[in-house]
Every structure is written in structure tokens, then in C-alpha cells.
There are 2 protein chains.
Amino acid sequence: MALIVQKFGGTSVGSVERIEQVADKVAGFRDLGHDIVVVVSAMSGETNRLIELAQQIQEQPLPREMDVLVSTGEQVTTALLAMALQKRGKPAKSYNGSQVRILTDDAHTKARIREIDDARLHADLQAGNVVVVAGFQGVDEQGNITTLGRGGSDTTAVALAAALKADECQIYTDVDGVYTTDPRVVDGAKRLDKITFEEMLEMASMGSKVLQIRAVEFAGKYNVPLRVLHSFQEGPGTLITFEEEDAMETPTIAGIAFNRDEAKLTILGVPDMPGVAFKILGPIGNANIEVDVIVQNVAEDNSTDFTFTVSRSELARGEEILKRTASELGAREVRADSRIAKISVVGVGMRSHAGVASQMFEALADVGINIQMITTSEIKISVIIEEKFLELAVRALHSSFELDAEPTEESAA
Amino acid sequence: MALIVQKFGGTSVGSVERIEQVADKVAGFRDLGHDIVVVVSAMSGETNRLIELAQQIQEQPLPREMDVLVSTGEQVTTALLAMALQKRGKPAKSYNGSQVRILTDDAHTKARIREIDDARLHADLQAGNVVVVAGFQGVDEQGNITTLGRGGSDTTAVALAAALKADECQIYTDVDGVYTTDPRVVDGAKRLDKITFEEMLEMASMGSKVLQIRAVEFAGKYNVPLRVLHSFQEGPGTLITFEEEDAMETPTIAGIAFNRDEAKLTILGVPDMPGVAFKILGPIGNANIEVDVIVQNVAEDNSTDFTFTVSRSELARGEEILKRTASELGAREVRADSRIAKISVVGVGMRSHAGVASQMFEALADVGINIQMITTSEIKISVIIEEKFLELAVRALHSSFELDAEPTEESAA
């Protein structure tokens, strides 16, 4: 008998019928003797409906009032799911963030959790209840309602699992686990039975939408075993583990991640002097444009080239800022390119295996793909390539690193 | 400069446009220098939408979860109105019942207010904010969300006015005040500038939908000056006062109230013995059927007739129960009649004026209306008549008691 925190997102609770299906699933776990805390999002569409109401009144409503408004969405779901569980003979009690109490800072619409009071939840669980908690929301020291920002329900689930010392935190989604790469690109993509937190972080930050990166970080920090599963299909999903497997048994590469939402900005012929990187990126950061890959080539003739990537929607704004910087610095030219993509091989195994980089570059060369930029971390190698080669590159790497083979580990569930 | 609590119901905040209109009205009061606390209901239709969601899952959901569900409706309105006020340059803060904190008992879906903490609201008012409070809801000792039942927003407003020692509690509705009778029945019906609490209670209990009877009771108990006004028209409305005017100046009758939602059940030939009334009404009460008028005639030949009225929707159920009682008691017959109506003359003035009853009966006799049942209280005389004569009776009484004349008092606003 275990204590399990289960999180169901907006699509999984998007209608009364789906809420009933979720209740069936939760009731099944109760029948196995487990204690269950369920975290739910607002029914899909509800949050947008509320935001539209607000924007009919004000384009930029005060964040405090936005939180009061949108936090009602999850509260509705908690009540409906509690009813559906009671209908199945499973006593259940709903809680909003303030009732739990999930204490956050006062950064409305993007609050961070500080502390969770687990007393009432423990008492309810001991009394035989399923506890249903509204995701995405909390309350500040003054009693104001706060929200954690988009995707915050994953974070709520992980934080609750940490506070309750749950045996597992299960995130139910519309995929049945984490894959070696996107199955829409590579037919042979395989579900991973396990992945390490570090690998998951790299995969998540690369556009793998399975889990919010913040929730993964949180789970890693508090040692919460995290499992990704499909809401309406059976299966063990993917367990996100702490401990690396013995290196001998660890596959070198966990997966191939990619991101199409990248655009490249290059400033050519910048005088090579101390502080130039800051002078280029400072104004970009001040404009709240997030920068991903940054590459600076070695200087020649006291002049250097500096390239970085931004989200595509920010390209025009970034280019404008960079042109001003270029004229201030006396740089030669600014170039913008939105037809690029980033592709990464990710795996803790590469720490102990030499030659991953060369294998990657060789595989890309074999299919005639030119590499524009390279960055590496301890467990990830990323390259920027021309966008039109993306699918070809993913398939070549998936095959080169032998990810098409069946996973050898047993299911963990 | 006064402290005013203003309550706007579901129709008054039924759309973004209407919320903007309410914000205009509230902003106007702020510009006059008043401190304002606004109590709002859910946008019209929203509560029913939520109840329908619940009933797709369970016909009889647990009251605790119903309260969690429907209390979101008012919370949404508070946020939207606060935004609309801020857009008009009027700082505003929204509160749900739990945040205020409006402490209630734990009778979910029909909780009663025990205590209101006015500390935060006072602080916000002093800081120059309009305070927007969700009506209809509170929180019990354990932190569970409670609701006060239908129409509870009026009660919230009055209770807040009492706690804050407000100068006036204004209830905004779709009528511009309390009338001598229903203007749809009598063209000459007049808005009253003032009415006493006792009269208002009798009018409210008789189907005058302007105010919830519970809110009127509450206002009377805590000496809260209450005013009924139209949400979107200008005008002084009707002030509900404590003190009776000097009897010389008080009109004898304040108004003519009536109720079509009555049905009559008679049990004939009941053995006249102690406890018979309880034996007849006990099973009716146990079935949660509310009884209004009760009349028992004097016994003849050790046998009596017993008549009472119930809501029309309960007639069939009441008749069935009464038939079982009749056979147990050996009564002769049960009769049911749904084609009746109740009509009352109401006025504190009748305390000091003899002859109101005879004037009433004479006015009805003059137009040939037969009286089926009579009950009286200190400030009200009610009769049950055949429904088809209702309009005729109202007009006859309105004219007989000279209510068609203009009110003589000055507007109180």
C-alpha cells in the first residue's frame, strides 16, 4: 500500500465524461489499497474563457485579480471529481490552494511555492478519503490567492508529493511516457521505461512537452519519484529516477530532442574587446527576450563574430535591438535567420563514453547535413542545422545511436 | 461622507457590459467621497451552469462539494468588477467569503453567518480601495467553503453592513423600490418612500421578490438601514426604516401583497381529540413540505375539518400523505384544490386603526368575492380566495385603502 499523488491536466478533465473516466482510474487505485491525492487542472477551455472575460474589461488587469478569477477553474474541477468519486463509493474531499494551505510568495500569476501544510490532508487520507486538490494555485502570507503560472499544476503535484513524502508522483498526460524522440518523426521511437532527472530536464528544455521543466527540477530537488503515464490507456509509463544505472548497463544516449522554435541572430565584425558579449546581450535581456544557444568564434584581426538563438516570435524584435547595438559597437553586419532548428542527443551515459560527439557529427555528415552551431554540456550535445533537414537528422541520429531497439529494462510499475 | 454597502444581484452583473455599468455606478459614489463595499452575486446563469455540471455526475451531490463548486461563481464576478473599477481609476480589491473571513456554521448549502472579521476590509477602505466581496458564501470553523443558500447575497450585504457599522445597505434590483402592490396588477401601484421592517417582512413573505426575507430579518435585528433601488435607473428607491412614524401620519396600510403559489388541502370529518393537529401535520413536516396558512374550524358532533395550504408543487405529494393519515384517523374525506391564491393587507398602522378587517372583507364582498380562509397577525390580514378573482381583489383593496394616491412623504435619499 502506497501513497500516490496523481495529476490530471485540463484535457484529461475536459468534460464530465472525462472526469468520470478519471474517477474510474482513481477508484481502481483505491481498490488496490493505495492512498491517493489527486491534483487537477481547470477543465480545458475554462481558463481561456475566464481570461477572455477579463480582457473584455481590461487588456492588462491587475495580476491579483487575474489570480482570483482564473483560480476558480481548478476549484470547479476538484468539486466535480470529488462528486464522481463519491458516486463510486469512494469518500473524497476537495481542497483549493488556500485551504490546503499551499503557501507561496506574492508574485501573482507566477508565484513560487514556499511551504505546504500537510496536516489536514494526512488526516483526511487516514480517514479513508481521496483528497482532491486544485492545481496551479496557492495563497500568500496575507491570504491573497496566487497562481503558479501556466503548467503550475505539475508543480503543485510534485510539491504535494514532496510534502506528503509520497511514494510516487504520477503525471497523467496524453502520451504514454517519454520517448527516445518524437514518434511523429521517427516510426521506431520507443517509450523509455526509465530516464534520469538530468536527462529529463534536457529533454524538457528542448521542447519535449511531456512535463513542465519546473516540476522536474522540483522533483529532482526533493527526491520525488516521478512517473509519466497516459490518462486513458493502461501502461507503466516512464519513471524518472534519481540514481543513474550502473554505467555498464546504461545506454549511452537516452533520446534525441529537437526544437523548431529557434531563430538565429548573428553580429559580424564586432571589435574584440572585454565586455562585448554583455554589450550585445544586455539590451536583449532587458527587452525580456530569452536567449538559448550562444556561440562566439575566436577573434581574427581584433574582430569577432557573435551568434545566438532566440524564440522565433522574438526574432524581429531581437534583430531591431541588435542593429542598434551593431551601430553603437561599429560592427560590420547583422544577420537574422529563422529557418533553423536545434537537435540534441541527451544521455547521462555519455559522461563515461568517449566519442558521442564524433558519432553524432559523423551520422549527420553521412546524410549530408551541415552543422551551423554546436554547444555541449556534460550530458547533452546540441547542434543548430537548417530547418528543412530536421526530420532527416532526427532519424539518422535515432538509428545511429541504436535507439530503435526495444528497451531492455523491465517495466517499473 | 458615508460608508455604504451595495449589493448587485446576478442579473445586474449578468454580462461584462452590465459589470461595466455597475462599475460606473460604484465609481460615481466614490466620486462623492463615500466609502464603498460592493457585494456581488454570480453572473446570471452561471450558478445554474455549475449545478447542471454537478447533476450530470450525481443527482444528489454532497453539499460540501456543491458549495466548493457554486462558490466559484461569485468569485469570478468579484474579480471582474474589481478590474472594471481599476480601469476607472478606482483602486479595488476582491474578496471571497473565506478571505474576508465570513465565518458560518457548517450547514452546507444553507449555512448561517456567525461572525464577520472586518479588520482587512476596514484597512482596505482606509487605504482608499473599493472592497468587492463575493456574496452568498462563507467558511466554517474548519475552513470548509459554505454557502448561505439562494438569495444569500442579500444576507451577506446586510451582515457586512452590520459588521462594518455601515451608514446604509443598498440592495440594487430590477425594480426601483417597494410598491403598494404589484404594478403589473394595479396600474396605480405606487413606490413607497419608506416602509417599516415589520411591513417589509410581511410583504417579503408574501411573494414580494424584492428582498430575501432572511436579509430583512437580519437588517432589523442589527439595525441596518436598508434601501432597495434599481440597478440601472436613478431614483431614491425605498428605505426600510426602524422607527414607525407617528401613528397620526402613518398610512393605515402599507401595501397589498399576494401569492399565487398556494394550494389548499382539507381533511374533513376528523375525530376531534387532543393531538389531532400534530397527527395531521407531523407527516407533512417529515416530508419537508412547508405549510403556510392553517385553519381548524370548531368541532361539531365530535368531528372537525382541518385545512392548510402548501406550495403548489407540493400539492400531489401532500395529498398522498394526507390520504394515508385520513385512513389512519378514520377521517371522512380529503380534498385538494390548487386554484387558490392568498391576498394580504399589510401595515403597522392597523395596530391603531380599528376596522381594517371589516373594510377588507367589505371591499371583497362589494366585488362579489367569496373568502375561503382567513388568518390574521398584528400587522397583516390574509385571506384565501379563488385564484381567478386575484387581480380583481388586489385592485379592489388597493383602491379601498386609498393606496392609489401619491405618497405624501419626501424622498429619503
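How many salt bridges are there over all chains? The count comes to 49. The model is predicted, and this tour stops at a few of these pairs. Side chains of opposite charge can pair when their charged atoms come close.

Start in chain B. Select Glu20(B) and Arg88(B), whose side chains form a salt bridge at 2.8 Å, N to O. Glu20(B) sits in helix 1 (residues 16-31) of chain B, while Arg88(B) belongs to the loop between helix 3 (63-87) and strand 3 (92-95) of chain B, so the contact ties together parts 68 residues apart in sequence. Glu20(B) has a relative accessible area of 12% and is buried, whereas Arg88(B), at 23%, is partly exposed.

Move on to Glu168(B) and Arg227(B). A salt bridge joins their side chains, again with a listed distance of 2.8 Å, N to O. This pair also links distant parts of the chain: Glu168(B) is in strand 9 (residues 168-173) of chain B and Arg227(B) is in strand 11 (residues 226-230) of chain B, 59 residues apart. Are these two residues buried or exposed? Both Glu168(B) and Arg227(B) are buried.

The next selection is Glu314(B) with Arg317(B). Their side chains meet in a salt bridge of 3.1 Å, N to O. Arg317(B) is partly exposed, and its relative accessible area is 37%.

Finish in chain A. Select Glu20(A), Asp24(A), Lys87(A) and Arg88(A) together: salt bridges link these residues in a network.

Technical notes: Residues are numbered from 1 along each chain as its sequence is written. Chains are lettered from A and ligands numbered from 1 in the order in which they are written. This is a predicted model: local features need pLDDT of at least 70, side-chain atom pairs count only at pLDDT 80 or more; totals for chains, interfaces and linings use all residues. Side-chain values use heavy atoms; hydrogens and water are left out. A salt bridge is a side-chain nitrogen of Lys or Arg within 4 Å of a carboxyl oxygen of Asp or Glu. Helices (H or I, at least four residues) and strands (E, at least two) are DSSP runs, numbered from the N terminus. Buried means under 20% relative accessible area, exposed over 50%, partly exposed in between (1.4 Å probe, protein chains only).
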